[in-house]
Amino acid sequence: AVAGGMLFPKESPSREVKEVNGVWKFRADFSDSRNAGFEEQWFKRRLEETGPVSDMPVPASFNDMSQDPRLRDFIGWVWYEREAWIPGRWLVDRGQRVVLRVGSAHYFSVVWVNGVEVTQHEGGHLPFEADISDLIRKDPAQLCRITIAVNNTLTLRTLPPGTIQYMNDPTRYPAGYFVQNTNFDFFNYAGIHRPVLLYTTPLAHIDDITVQTSFQDNTGLVSYQVSIQGSQDVTVTVNLSDKDRRSVATASGTSGTLKVADVNLWWPYLMHENPGYLYSLEVHMSAKSGGSQYEDYYTLPVGIRTVQVTKTQFLINNKPFYFHGVNKHEDSDEQIRGKGLDWPLIIKDFNLLKWLGANSFRTSHYPYAEEILELCDRHGIVVIDECPGVGIKDIRSFGNESLAHHLVVMEELVRRDKNHPSVVMWSVANEPASEMPPAGFYFKSVIEHTKSLDRSRPVTFVSDSNFARDKGAPYVDVICVNSYFSWYHDPGHPEVIQIQLNTQFENWYRMYEKPIIQSEYGADVVPGLHTDPPMMFTEEYQKTVLQNYHAVFDQKRKEYVIGELIWNFADFMTAQTITRVVGNKKGIFSRQRQPKAGAFLLRERYWRLANETG
Ligand code: GCB
């Protein structure tokens, strides 16, 4: 099991945060062995002393930064390095810890500080950190050199899985030629994708906080648990404040339950005139250790709400909730940032979601930045939080090693996101080969493990398998189905959509008697292409597909269909294949966030649904 907490670094009277983003030194290891960096120990010296370097922004993917096509498709180790000044007071005050934290890096990372390895981490999209206090205090120069080597190679035991294929025919390929194969439909962007931070905490400190919420009549209930590191002799007090910063409940002890009179519940966007209501849980720790006294403060936003699933409904605060939303990607802007965290993009996307009347999205197909989830909490955007279990298609990726890693990824995901009221369900995979014999044990294990980590949220995975042969479906709380009628099947024939979609819903419901979300549907559009009658890839065709799906949703949502998530919010980059025209074009917005005709159709529908169901 993963050890310790992973609280999002925040400033407080006892904590400082320093960003070490910006321009880093960079080198991709193109050497024949692909391993020169380790052989020559590039981490021991300044990167520029070991060979040529280029500039690389952090956070950002490296792929689209240079005009060198070899870098765009590079597979292997890339090296990042930056020096940062450590504030003098951090070095002097031995009652403080200094922690280096990477928001995410894709895929496998090794981190050194002043030439000493401080941590390794497997997996993109989730944070990792290391206590570097002792190390930096050894070096009186105060200038600390951070080296991060990142390897984006995907294998059968990584998540997502992939394979490296060597091309050995010397008449067709140069010596040593290989390609990275994957089973997912988005570009395998790599690099340091989220902010790198240095932050401090007192030596004895608040390591983790877990809250679970409920309510009875007008009284909100917040049960909390605080874990402390660095001292056995601690006093913890908590204070819950409302939006106007008035204290509404207090308690002491490392765990307990707060009662909130006249509670303001956390409601989804458009379901209430005041969505996304957040209280603040101010946690204060006083501790003694080794003759010293420590104080630590951490404030956690808390939304009070409940989630429950019945045979036919998804209930938020005991009211039926209908997901009318989108699937997204962390992706934008033709050939620049890749998956790097980008505030203007994040805010633009929230404004588009609200314009659209979307009340929800799924983090297809990997965990999004915590910064995004915090905004979801505040705006009442409901989230299905998906792990990077996408493209589990090869029978060998159901092996024990892969399963063990998948369990760790779920631990890291739940640890990071457990306190977000916006997160209402975990998704452990997208379109795995769930008909294969080992899929039953595999998904039973992953789903049961996830439930043991968090009893308060339902768990699902997203299926495109045959309903009767799906070996994972018996274990999920909500059935999520993707289908592309009139696109990958019966292309050009939207007239078959309604009958096929009806059959799909009836089959799944009769077999499992669980509520169903249409977790993907859609059609590619090259913006500006028009035909009448509608033809594939035109704006008219996307509209027709949507209208046919919607007609069936409107019947079935009165029974057991609890949501519809369009594929996709916006166009996004993929690997190059014969079915993709510079990326996937199923967005209702272009990659530059301009609406296609489908966006206006969906907007009308979502606002209407909000009035009918909200
Ligand atoms: C799917 C996948 C998604 C693809 C989409 C498509 O079923 O889940 O990742 O991008 O279809 O457009 O093919």
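## Antiparallel strands

Strand β4 and strand β10 (residues 143–151) pair in the antiparallel sense over 9 bridges. Within this pairing, Glu-83 stands opposite Arg-145 in β10. The model is a predicted one.

β4 covers residues 77–85 and also pairs with strand β2 (residues 22–28). That pairing is antiparallel too, over 4 bridges. Here Phe-26 faces Tyr-80 in β4. In general, strands of a sheet pair through backbone hydrogen bonds, either parallel or antiparallel.

## The barrel

A closed barrel is formed by 8 strands with parallel pairing. Its order is β25-β26-β27-β28-β29-β30-β31-β32. From one strand to the next, the twist averages 25°.

Two pairings show the detail. β26 and β27 run parallel and are joined by 3 bridges. Phe-361 stands opposite Val-383 in β27. Strand β30 (residues 479–482) pairs with strand β31 (residues 516–520) over 4 bridges, again in the parallel sense. Val-481 has Gln-518 of β31 as its bridge partner.

## Strand β27

How many of the residues of β27 are buried? The count is 5 of the 5, so β27 is largely enclosed by the rest of the structure. Val-382, Ile-384 and Glu-386 point one way from the strand. Val-383 and Asp-385 point the other way.

## Helices across the barrel strands

Helix α6 (residues 370–379) lies across β26 (360–362), β27 (382–386) and β28 (423–430). Its direction is at about 150° to β27.

Helix α9 (residues 497–512) lies across β29 (459–463), β30, β31 and β32 (561–566). The angle of α9 to β31 is about 135°.

## Helix α11

Helix α11 has 17 residues, which at 1.5 Å a residue should span 24 Å.

The buried residues of α11 are Gly-598, Ala-599, Leu-601, Leu-602, Arg-605, Tyr-606, Leu-609 and Ala-610. They cover an arc of only 165° around the axis, so they sit on the same side of α11. On the other side, Glu-604 and Asn-611 are exposed. The buried residues pack against β25 (323–327), α5 (343–356), α10 (539–556) and β32. Two of these partners, β25 and β32, are strands of the closed barrel.

## Two buried loop residues

Ser-61 is found in the loop between β3 (54–58) and α2 (69–72). Is Ser-61 buried or exposed? Ser-61 has a relative accessible area of 0%, so it is buried. Its side chain joins that of His-193 in a polar contact of 2.7 Å. Beyond its neighbours within four places in sequence, Ser-61 is in contact with Tyr-189, Ala-190, His-193, Ile-336, Arg-337, Gly-338, Lys-339 and Gly-340. Ser-61 and Ile-347 are 286 residues apart in sequence, and 20 Å apart in space, C-alpha to C-alpha.

Thr-574 is found in the loop between β32 and α11 (597–613). Thr-574 counts as buried because its relative accessibility is 1%, and the cut-off is under 20%. Not counting residues up to four places away in sequence, Thr-574 touches Arg-72, Asp-185, Phe-186, Phe-187, Arg-580, Gly-583 and Asn-584.

Arg-396 is found in the loop between β27 and α7 (400–417). Its relative accessible area is 54%. Arg-396 is therefore exposed, as the cut-off is over 50%. The side chain of Arg-396 makes a polar contact of 2.8 Å with the side chain of Asp-394. Leaving aside neighbours within four places in sequence, Arg-396 is in contact with Leu-156 and Ser-402. Arg-396 and Pro-320 are 76 residues apart in sequence and 40 Å apart in space, C-alpha to C-alpha.

His-449 is found in helix α8 (residues 439–453). Which residues does His-449 touch, not counting those up to four places away in sequence? They are Leu-407 and Glu-411. With Glu-411 there is also a polar contact, side chain to side chain, at 2.8 Å.

Key
Residues are numbered from 1 along each chain as its sequence is written. This is a predicted model: local features need pLDDT of at least 70, side-chain atom pairs count only at pLDDT 80 or more; totals for chains, interfaces and linings use all residues. Side-chain values use heavy atoms; hydrogens and water are left out. Two strands pair if DSSP finds at least two bridges between them. Axes are lines fitted to C-alpha atoms, for helices over the stretch in contact, and angles run from 0 to 180 degrees between N-to-C directions. Contact means heavy atoms within 4.5 Å. Buried means under 20% relative accessible area, exposed over 50%, partly exposed in between (1.4 Å probe, protein chains only). A polar contact is a pair of N or O atoms within 3.5 Å; within protein, one must be able to donate a hydrogen and the other to accept it, and residues adjacent in sequence count only if both atoms are side-chain atoms. The expected span of a helix is 1.5 Å times one less than its number of residues. The arc is that of the directions from the helix axis to the C-beta atoms.
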